[in-house]
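Have the coordinates open before you read on.

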Amino acid sequence: MAVLAGLICGSFANVLIARLPRRESILWPGSRCPECRTPLKWYDNVPILGFLVLKGKCRTCKHPISTRYPLVELLTALLFLATMMKFGPSVSLFVRDWPLLVMLVTITFIDLDHRIIPDRLSIGGAAWGLVCSLIFPDAWPTYGWQQALLGAAAGFFGFYLVAWIYSRRSGRAGLGGGDIKLLAMLGAFFGPGGVFVTVLISSILGSVVGITWALASGEKNLLKASIPYGPFLVLGALYYYLLGDILWLPFTIPT
Ligand SMILES: [Zn+2]
């Protein structure tokens, strides 16, 4: 059931990834082939299966369909499965955590595509995190609205910490305003301990990938290795969310 829900929500994430940056309606019209604009039949739109049946080509114009679509669906399904296996079914899982995972997947791919993080996701997400901290005051990873509010505030300062480390290392500002709002959103869901771990993990991963990218592309000037930082923040937060209760006990402060 978790995999099925994940595939359907991953399909919705694909719609958000394609339409939110273009400020298009996410409800109307239905999905179309990006090449010939032919509306998709409902059975071609079934997650993964539609792609496999069509052998990765549009039914009308035979234009290749990006493998990104089934990958996003599969990724969302795996995240839903992992959280279901770890935390078990609960109202907070369905109302708070799964929508959060869909937002994080969407943010990751929009940032990779366009180097932006839409405010509707980050600021809207932060607001949803604060509301959820009131509805579920005793569900991992935040315990009560105080932690959520503190986490959102810590997100801003955590951002400045990363920006400060980055600008000291590289001698230039490298983080965008979208990242600060994303980290505040993550703080609202994961509390101050989550922000600390997210900043730590994401800066390590970001450095490793950035340096590898620079070396692989033969770019001698490391300062020119420009990669979007949002996906690393998401990875850091997911790390804390899925493993933080085991590995980061000092940073989980139940009240
Ligand atoms: Zn087509």
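The model is predicted.

Start at the zinc ion. Its ligands are Cys33, Cys36, Cys58 and Cys61, each through SG, at 2.3 Å. The angles subtended by the four donor atoms run from 105 to 116 degrees, so the arrangement is tetrahedral. The criterion asks that all angles lie between 85 and 135 degrees. Along the chain, the donors of the zinc ion are spaced as C-x2-C-x21-C-x2-C. Cysteine 36 sits in the loop between α1 (2-19) and α2 (49-53), while cysteine 58 sits in the loop between α2 and α3 (68-87), so this pair ties together parts 22 residues apart in sequence.

Are these two cysteines buried or exposed? Cysteine 36 has 28% relative accessibility, so it counts as partly exposed. Cysteine 58 has a relative accessible area of 5%, so it is buried. The cut-off for buried is under 20%.

Now zoom out to the domains. At the interface, 20 residues of domain 1 are in contact with 19 residues of domain 2. About 1900 Å² is buried between domain 1 and domain 2, and carbon and sulfur atoms give 80% of that area.

Next, the charged contacts. How many salt bridges cross the interface of domain 1 and domain 2? The rule finds one. Arginine 68 forms a salt bridge with aspartate 113, with the closest N and O atoms 3.0 Å apart.

Definitions and conventions:
Residues numbered from 1 in each chain as written. Predicted model: local features only at pLDDT ≥ 70, side-chain atom pairs only at ≥ 80, totals over all residues. Heavy atoms only, no water. Donors = N, O, S within 2.8 Å, 3.2 Å for Na, K, Ca; no water. Tetrahedral: all angles 85-135°; square planar, octahedral: opposite > 155°, others 65-115°. Helix = DSSP H or I, 4+ residues; strand = E, 2+ residues; numbered from the N terminus. Buried < 20%, exposed > 50% of the residue type's maximum accessible area, 1.4 Å probe, protein only. Contact = heavy atoms within 4.5 Å. Buried area = accessible area lost by both parts, 1.4 Å probe. Salt bridge = Lys/Arg side-chain N within 4 Å of Asp/Glu carboxyl O.
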